[in-house]
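Thank you all for coming; I would like to take a few minutes to walk you through one model.

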Amino acid sequence: MLIRKQRGWEIPEMRATPEALFWRRREVLVGLGLGGAMLLTRPGRARAVAADDPSGTLYPFPRNERYQLDRALTDPDVASRYNNFYEFGSHKEIWEAAQTLVIRPWEIRIDGMVEKEMTIAIDDLLAKMPREERLYRHRCVEAWAMAVPWSGFPMAELVKLARPLGSATYVRMETFLDPDAAPGQRQVWYPWPYVESVTIAEAMNELAFLVSGVYGKPLPRQHGAPLRLVLPWKYGFKSIKSIVRISFTDQRPVSFWEEIQGSEYGFWANVNPEVAHPRWSQASEALIGTSERVPTQLYNGYGDYVAALYAGMEGEGERLFM
Ligand code: MTE
């Protein structure tokens with residue numbers, strides 16, 4: 001994960017317009033005969049979603065107004081064309097390569113220290129979960145940020161469904177393993193599959209959100225279809241994509257990036273502007289799709305929700321912000 005440079009498309013006028021409004025504005029311009037050149041630049045596949053998604057009719061999910069933003073939404077085309085998904089390459093333009101991912105049928109295995117292990121199909125899971133849309137900030141460890149409307153359900157509901165044993169303390173999650181579909185997984189020096197983990201207390205926090213959609217539609221593959229995690233107070237690498245397995249355990253799992261470079265990417269990875277990454281500052285962040293940089297906030301601005309989870313832990317030698 002490296003620091004990015006400003007891209008040509010990061011022009012202020014492209015920023016922060018909700019999708020419907022964004023395209024309506026262009027339709028008006030076309031009507032006036034002004035929009036031809038813009039239409040030529042309208043991307044197609046980057047935002048394309050699976051037409052055969054059996055849960056497609058569930059969208060949009062009703063918005064939960066509790067989660068408000070301090071900034072404008074990121075333009076959907078910017079968000080879906082600037083992604084980290086190492087399974088499809090170690091650069092940001094993986095969206096096209098990610099279209100090879102087959103997302104139906106898709107099953108999720110729930111196992112380990114639970115009352116009863118189970119395998120559940122994604123559409124059965126979505127049908128039984130309380131669905132909602134939330135506006136969240138998202139902060140990558142590489143010091144770029146976006147703000148998007150995610151569609152999903154609280155991770156706490158998944159924990160309740162799984163019924164973990166009282167002795168379980170961690171939730172370990174795994175991404176698919178399919179080197180035929182994902183060329184990045186043929187790079188044998190990475191410890192595939194991608195693994196991430198949180199404590200059960202973190203999983204039960206109201207902010208932890210399992211996500212199946214964005215901008216009112218099913219997730220495009222590059223964002224981690226058909227199911228990913230979103231933890232807005234942590235650096236983005238904790239928000240594992242395209243999950244196939246969720247295990248409950250009493251041993252702290254070692255995550256993908258921790259295994260690759262434990263001195264730079266730890267278990268907790270809570271956002272903190274005052275704790276620099278060993279190779280760059282975390283004091284501010286670039287808002288993708290704009291030329292703006294804004295100060296980074298402790299816990300990415302979500303301290304009221306999560307700070308209590310970590311009370312007193314630094315004294316125990318935990319690296320909470322790495
Ligand atoms: N999950 C998997 N399986 N593979 C990845 O490479 N990258 C992580 C996270 N989840 C990653 C992943 C990182 S570093 C970030 S910042 C976010 O996904 C990016 O999510 P986005 O591309 O939807 O913005």
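I will go through a sheet, then the ligand site, and finally one serine.

Let me say at the outset that what you see is a predicted model, so please hear each distance as a value computed from it.

I begin with the sheet, which is open and has five strands in the order β2-β1-β10-β5-β6, with mixed pairing. Which strands stand at the edges? They are β2, residues 118-121, and β6, residues 195-199, and because each of these has a single partner strand, one side of each is left without a neighbour in the sheet. On average, and ignoring direction, neighbouring strands here are turned by 20 degrees against each other.

As a reminder, the strands of a sheet pair through backbone hydrogen bonds, either parallel or antiparallel. In this sheet, β10, which runs over residues 243-249, pairs with β1, residues 107-112, in the parallel sense over four bridges, and there G112 is found opposite F248 of β10. With β5, residues 170-175, strand β10 pairs in the antiparallel sense, this time over six bridges, and M173 has I246 of β10 as its bridge partner. Strand β10 is also mostly covered, since five of its seven residues are buried.

Now to the ligand, which is surrounded by 19 residues, the closest being Y86, E87, H223, R228 and K241. Three of these deserve a comment on their polar atoms. In E87, an N or O atom of the side chain is 2.8 Å from a nitrogen atom of the ligand, whereas H223 places a polar side-chain atom 2.7 Å from a ligand oxygen, and for K241 the distance from a polar side-chain atom to an oxygen atom of the ligand is 2.7 Å. Taken on its own, the ligand has 530 Å² of accessible area, and the protein covers 100% of that.

Finally, I turn to S212, which is located in strand β7, residues 209-214. Is this residue buried or exposed? Its relative accessibility is 3%, and because buried means under 20%, S212 counts as buried. The side chain of S212 makes a polar contact of 2.7 Å with that of Y59, and, leaving aside neighbours within four places in sequence, the residues in contact with S212 include Y59, F61, L126, S151 and P226.

Terms used: Residues numbered from 1 in each chain as written. Predicted model: local features only at pLDDT ≥ 70, side-chain atom pairs only at ≥ 80, totals over all residues. Heavy atoms only, no water. Buried < 20%, exposed > 50% of the residue type's maximum accessible area, 1.4 Å probe, protein only. Helix = DSSP H or I, 4+ residues; strand = E, 2+ residues; numbered from the N terminus. Pairing = 2+ DSSP bridges. Axes fitted to C-alpha atoms, helices over the stretch in contact; angles between N-to-C directions. Near = heavy atom within 4 Å. Polar contact = N/O pair within 3.5 Å; in protein donor to acceptor, adjacent residues only side chain to side chain. Areas by Shrake-Rupley, 256 points an atom, 1.4 Å probe, with all protein chains shown as cover. Contact = heavy atoms within 4.5 Å.
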